[in-house]
Amino acid sequence: MKTDIEIARETELVDIDEILKKLNITKYDKYGNYKAKIDISYSKGKKNDSNLILVTSINPTPLGEGKTTMNIAISMALNKLGHSAISVLREPSLGPSFGLKGGATGGGYSQVVPMEDINLHFTGDFHAITTAVNLVSAIIDNHIYQGNELNIDPSRIQWKRVLDLNDRALREVVVGLGKRTDGVTRQDGFDITVASEMMAVFCLSEDLSDFRKNVENMIVAYTYENKPVYLKELKVAGSVMAIMKDALKPNIVQTLEHTPAIIHGGPFANIAHGCNSIIATKTALNLCDYAVTEAGFGADLGAEKFFDIKCRKAGLNPKCAVVVASIRALKYHGGLGIKDIKNEDLESLKNGFENLKTHVENVKKYGVNVIVAINKFDTDTDNEVKLLKGLVDELGVSTVVCEGFAKGSDGTLDLAKEIVELCEKESNFKPIYDLDLSIEEKIETVAKEIYRASGVNYSKKASNEIKKIRELGMDKLPICIAKTQYSLSDDPKNLNPKEDYSITINDVKLNRGAGFVVCITQNILTMPGLPKKPAAYSIDVDEQGNINGLF
């Protein structure tokens, strides 16, 4: 089969004007012939009959599960069946594009295009976020150098600089070295842009005015008297707005079958909240009958945060959730090595099914209708498919074998039909915890109900930070747990936890502007590093200006 980029290049794209015309969108800014930004006004109001569909998955493996591919295939299939549907996705980060994971525009015959643009600079949203964050950093250091009127304690600055690349050397740095006029020397560090609070605020704001309010409420530091210093006190919120005003408009592109796709915002789910913007999701709901969205990584991270943070904040009511799994990934979770993954192995599949079973049960706890999509590969045997379908049937949910990667919408029509029927059923969505619970109780609810842990351990630092948040009266916020994506547990090597275990919270941080409390487990890093052989080694540009090696 041809590579993703070969398939994408062979598709003759239609002018984005045609896509926008079909959606009756007249207010937009074009970025070339195939990309545009939609006016924020289209996110206002709500179609009463629109349906929100979440695509989530089992815990990811090195083999890939195809969640984004499935999202795109579903939206294309719904359109082929005569419904109006929009795929609503996150923007890819340059970190994984040049690192280990690669791009995030789907695969095979279920892609969003132009894939090179989307995977790289796109419309500049992430550059705007990066610039806005680093502007605030520059203002903080300049404020201290110019006399420190706000009495900021340099050792308690919460705000980090950012870069949308994986660069382990920037996790801990010292700034202000050199002459006296080069600034005040202090320890600092970088996060990847997609892990920043600015990204979270970007994705959890309803409009420009809401974004400004949230930006102003971000805590940048604490004083020597242990009082929070808010961004609005730095008098730089207006400049942040000037940088971000165009970025807040959602981006629209097309799929390989010329159906609409809105791509906006892109926080990681392992170290952030993992959902595209509220503005994008509400825009899609207003423009079509079915908005097919996604949440990052497995359901233990992405779906939990989608339900408990995004849906709660935006007042969204998801009608159904699609849990994506592949037979080869389940065999990997069942203990089969990658070298043997193509061989039929019913025992490993049965053992790995426990991961899928847990995710399905967890999503059902939110009162959302569930369906399982088996992302089929040519190495899957009839015996394996039969076994998996039988195991899923025992959970009381439907399962459909899909071939969106190889066949596009034609390989996903049966799933789309089942989704339409599922959306007609009543959904009783409800977050899994109440905001009035203590921070510890909220953490323990997620740990026990979603991760299936027996308990939670707290470092001294984490306990102290929780106490400070409680003293500030800001403990009635949702929580965002930063955890490995590879396992239900907080140990990436414990792929199929069967015995009692506890998760460990090493640090806690208040993201007041975004409106949640970040709880960091074990060795989770907010600035990833590059692998030994990063994807950047394989990317190049030919003499005609075509990008090669991007996937």
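Q: How do helix 6 and helix 7 lie relative to each other?

A: Start with the general idea: axes are lines fitted to C-alpha atoms, for helices over the stretch in contact, and angles run from 0 to 180 degrees between N-to-C directions. Angles under 35 degrees count as roughly parallel, over 145 as roughly antiparallel, 65 to 115 as roughly perpendicular and the rest as oblique. Here the axes of helix 6 (residues 125-145) and helix 7 (residues 197-204) cross at roughly 125 degrees and come within 9 Å. Helix 6 and helix 7 are therefore oblique to each other. Two notes on the source: this is a predicted model, where local features need pLDDT of at least 70 and side-chain atom pairs count only at pLDDT 80 or more, while totals for chains, interfaces and linings use all residues. Residues are numbered from 1 along each chain as its sequence is written, and side-chain values use heavy atoms, leaving out hydrogens and water.

Q: How are the helices themselves numbered?

A: Helices (H or I, at least four residues) and strands (E, at least two) are DSSP runs, numbered from the N terminus.

Q: Which residues of helix 6 and helix 7 meet?

A: Contact means heavy atoms within 4.5 Å. On the helix 6 side you will find Asp125, Phe126, Ile129, Ala132 and Val133, and they meet Met198, Met199 and Phe202 in helix 7. As background, an α-helix has 3.6 residues a turn, so residues three or four places apart point the same way.

Q: At what angle do helix 3 and helix 16 pack?

A: Helix 3 (residues 67-80) and helix 16 pack at about 75 degrees, and their axes are 8 Å apart. Helix 3 and helix 16 are therefore roughly perpendicular to each other. Helix 3 brings Met70, Ile74, Ala77, Leu78 and Lys80 to the contact, and helix 16 brings Leu413, Leu415, Ala416, Ile419 and Val420.

Q: Is alanine 416 buried or exposed?

A: The rule is that buried means under 20% relative accessible area, exposed over 50%, and partly exposed in between (1.4 Å probe, protein chains only). Alanine 416 is found in helix 16, and because its relative accessible area is 0%, alanine 416 is buried. Leaving aside neighbours within four places in sequence, alanine 416 is in contact with Ala77, Leu78 and Leu81.

Q: What does threonine 412 touch?

A: Find threonine 412 in the loop between helix 15 (404-407) and helix 16. Not counting residues up to four places away in sequence, threonine 412 touches Met70, Ala73, Ile74, Ala77, Cys402 and Gly404. Threonine 412 has a relative accessible area of 1%, so this residue is buried.

Q: How many aromatic pairs are there?

A: Rings of Phe, Tyr and Trp (its six-membered ring) pair if their centres lie within 6.5 Å; planes under 30 degrees apart count as stacked, over 60 as edge-to-face and the rest as tilted. By this rule the count is three aromatic pairs. In one of them, phenylalanine 306 and phenylalanine 307 have ring centres 5.6 Å apart and planes at 65 degrees, so the pair is edge-to-face. Phenylalanine 307 also pairs with phenylalanine 429: this pair is tilted, with 5.5 Å centre to centre and 45 degrees between the planes. That pair links distant parts of the chain, 122 residues apart: phenylalanine 307 is in helix 11 (residues 299-314), and phenylalanine 429 is in the loop between helix 16 (413-423) and helix 17 (439-449). Both phenylalanine 307 and phenylalanine 429 are buried. Ring pairs link Phe306, Phe307, Tyr366 and Phe429 into a cluster.

Q: Where does the charged end of arginine 328 sit?

A: A charge sits over a ring if NZ of Lys or CZ of Arg is within 6 Å of the ring centre and within 35 degrees of the ring normal. The charged end of arginine 328 is over the ring of phenylalanine 377, 3.6 Å from its centre. Lysine 483 lies over the face of tyrosine 451, at 4.8 Å from the ring centre.

Q: What is phi for arginine 452?

A: Arginine 452 is not a glycine, yet its phi is positive, about 65 degrees. Look for arginine 452 in the loop between helix 17 and strand 20. With a relative accessible area of 32%, arginine 452 is partly exposed.
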